[in-house]
Amino acid sequence: MEVGNEQGRAQGNGRSDTPAEKPRTSPCNSLKMFLVALSFAYFAKALSGSYMKSTITQLERRFDIPSYLIGVIDGSFEVGNLLVIAFVSYFGAKLHRPKIIAVGCVLMSIGTFIIALPHFIIGRYQYETSVRWVVNSTLNPSPCPVGSPSDLAQDRKLSHVPATACEGDSNLSMWIYVLLGNVLRGIGETPVQPLGISYIDDFASDENAALYVGCVQTISVIGPVFGYLLGSLCAKIYVDIGFVKMETITITPSDARWVGAWWLGYLIAGVITLLSAIPFWFLPRSLHIPGAQGSEKCTPEQTSFIKDPHSGKHKYPADQNTTFIEMAKDFIPSLRTLLGNPVYLIYLCVSIIQLNSLIGMVTYKPKYIEQHFRQSASKANFLMGVINIPAVALGMFSGGLLMKRLKLNIMGAARFAFGTSLIGYILSLFFFAMSCENAKVAGVTLPYISLDSISYDKHSVFAACNSDCFCSESDWDPVCGENGITYVSPCLAGCASSSGSGKKHSKWTSCSCVGVAGNFTASTGQCPEKDDCDRMFPYFLALSVITSFIISLGGTPGYMFLIRCIKPQLKSLALGFHAMATRTLAGIPAPIYFGAIIDTTCLKWGQKRCGGLGACRIYNTTAYRIAYLGLTLSLRSISFIICIPGFILLSRQLRKEERNAVHGALANGGTELEALRKEEFVVSNSDQSQQTADRETRL
């Protein structure tokens, strides 16, 4: 009672001298603090990653590069991950995990700032336009110059004035900075996932682990909502805002030459990522687990599935100091044990193939919306952030909640993930029916001699109506004729004069190739042929939301299956190796070969000022749709086939482990019974001896 009173007085004074009262923060509160910090880090890295994907078309146009090079830049993030993922996952799990995550967040922010650096180094953005030739020109040449050969030669010289500074132009190599910054982002992101998830799973109770992981994964999907919204906002702002007079800019955000303020979003994302590093510096290396919880860490599924009897203990506890050599010696045997698990290998193969499909689809989905449904980059990013991504977040969270409510074991989680993926695959087949007719562009999708039906044969941009004009076939400065046909440039439309200049420029007159009932005028920009697409686009968005939700339902159960199909002491290594393999074989190649295939559907390439092909201006939308959707669904079909032997192996393994558990229980029961009989026999003999001694004493 005196001890209890002393403890009560100590608590009443708000302090205690006993070691038991020393930690002020309970393990539960520390774990919740770590969960909040990790969620913010996931949010920051997801925001910057999704913003990178939202700027794909902006980077293409700014640096005049094709889609496959954008794929190389996007895949460089995974290269940075690959460089350090195995070592960080294995050795980081035995060191101070929160501080390693903090260092990673700092590196991510530095890499994000480096991506924005080229904007402040290179000159102002110059796009192809015919209007610039008229503004501030004493010669005031017409778009379609007609005259003597000497006059044409003079016009040729005038039109190529911007190319004189070509040798000093560094635009061609500036995308290297974007690539290097993305590599550094990948290096910094490495410890966040494997060390963060393993930390939660180590110190959270079994019934809460799935829910906590689901919460973190949900936050990681909410991040892209803000990333795409930020991309939408920046895409509306002209790239050189504040450095040029906006009244001199003749293009709009819906123009294929428009470049938004892509650099601004990277500065914002870099600051947010830097702030996410702060909480991890103040979190403990490990948390105290109560004896009952710590000794019974494995779930019933793990107990019956994992062969190692010491499944609840790590070989190197987090609070135990071990040398680097000791940890290194155990690396190869641990990796061999991990890869010797056939279920893990099947899961790894399925993940690689499905992520190839997912990464390729997500990377170029905004571009698909822009090109196929003729939406601006700003609107495409806005729709991705507001409609599509929230459906994914809701699906991830619902999947974790369902797994907890249904109390799914390993087989149940695998079946759930497979079923949702299969339903989403079937629904995705309907995307093939949602098509839009290609834009009508004379000399590209329509021959000049027949402007009635679209044809994808090789056409010439030159015709009799513009044969007297001195035109360049590489220019892209589209105008819309009164006949509803888009022409590549005012010159190729045969326009002899214009009305207005600069921002107020709107009409081209005396266009010999237009010629509709004596009206030979054309207006700046492509013709707004969007009737069929406007009707189809809402159905595309609705189906996209439904399929995204259904597929993401299996995300959390699939991830928990990965954690529970291996030995607990190999958890960090398994997560790290899984991340390394998927990044190497999916994250790096998928954007590259998806981009290369998309490039094959280009109908009109832009021209660099220094020569060579630039960014694509218009695509064959039918070929684009077949290539993009066909490749995505073909990869998922292959993954379903591989799942069949995976389910067979998993079922056999579970039955085998169940039999071993039953035999072990029976063997232990027999041993205990025999020991009990021996104990009873000894007790019986001692009682008899005592009774004999008592009789002798009485005698």
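Visitor: Where is serine 489 placed?

Guide: This is a predicted model. In it, serine 489 is in the loop between strand 3 (486-487) and strand 4 (495-499).

Visitor: Okay, and is serine 489 buried or exposed?

Guide: Serine 489 is buried, because its relative accessible area is 4% and buried means under 20%.

Visitor: Which residues does serine 489 touch, leaving out those up to four places away in sequence?

Guide: Asp477 and Val479.

Visitor: What separates the C-alpha atoms of serine 489 and threonine 524?

Guide: They are 9.3 Å apart, while along the chain the two sit 35 residues apart.

Visitor: Switching to the whole chain: how many helices and strands?

Guide: The protein chain has 23 helices and eight strands. It has 699 residues, and 51% of them count as buried.

Visitor: And what about the accessible surface?

Guide: That comes to about 32100 Å², with 62% belonging to carbon and sulfur atoms.

Visitor: Which residues have the most contacts inside the largest nonpolar core?

Guide: Phe34, Leu38, Ile197, Phe280, Leu338, Tyr344 and Phe561, in a core of 59 residues. There's also a second, separate core of 34 residues, which includes Phe43, Ile70, Met174 and Trp258.

Visitor: Back to leucine 338: what is it in contact with, neighbours within four places in sequence aside?

Guide: Leucine 338 is in contact with Tyr344, Ile566, Leu570, Leu573, Ala574 and Phe577.

Visitor: Last one: of the contacts with a separation of 6 or more, what share is between residues 24 or more positions apart?

Guide: In the protein chain, 80% of them.

Methods:
Residues are numbered from 1 along each chain as its sequence is written. This is a predicted model: local features need pLDDT of at least 70, side-chain atom pairs count only at pLDDT 80 or more; totals for chains, interfaces and linings use all residues. Side-chain values use heavy atoms; hydrogens and water are left out. Helices (H or I, at least four residues) and strands (E, at least two) are DSSP runs, numbered from the N terminus. Buried means under 20% relative accessible area, exposed over 50%, partly exposed in between (1.4 Å probe, protein chains only). Contact means heavy atoms within 4.5 Å. Accessible areas come from the Shrake-Rupley method with a 1.4 Å probe; for residues, only the protein chains shown count as cover. A nonpolar core is a set of buried Ala, Val, Leu, Ile, Met, Phe, Trp, Tyr and Cys residues joined through side-chain atoms within 4.5 Å.
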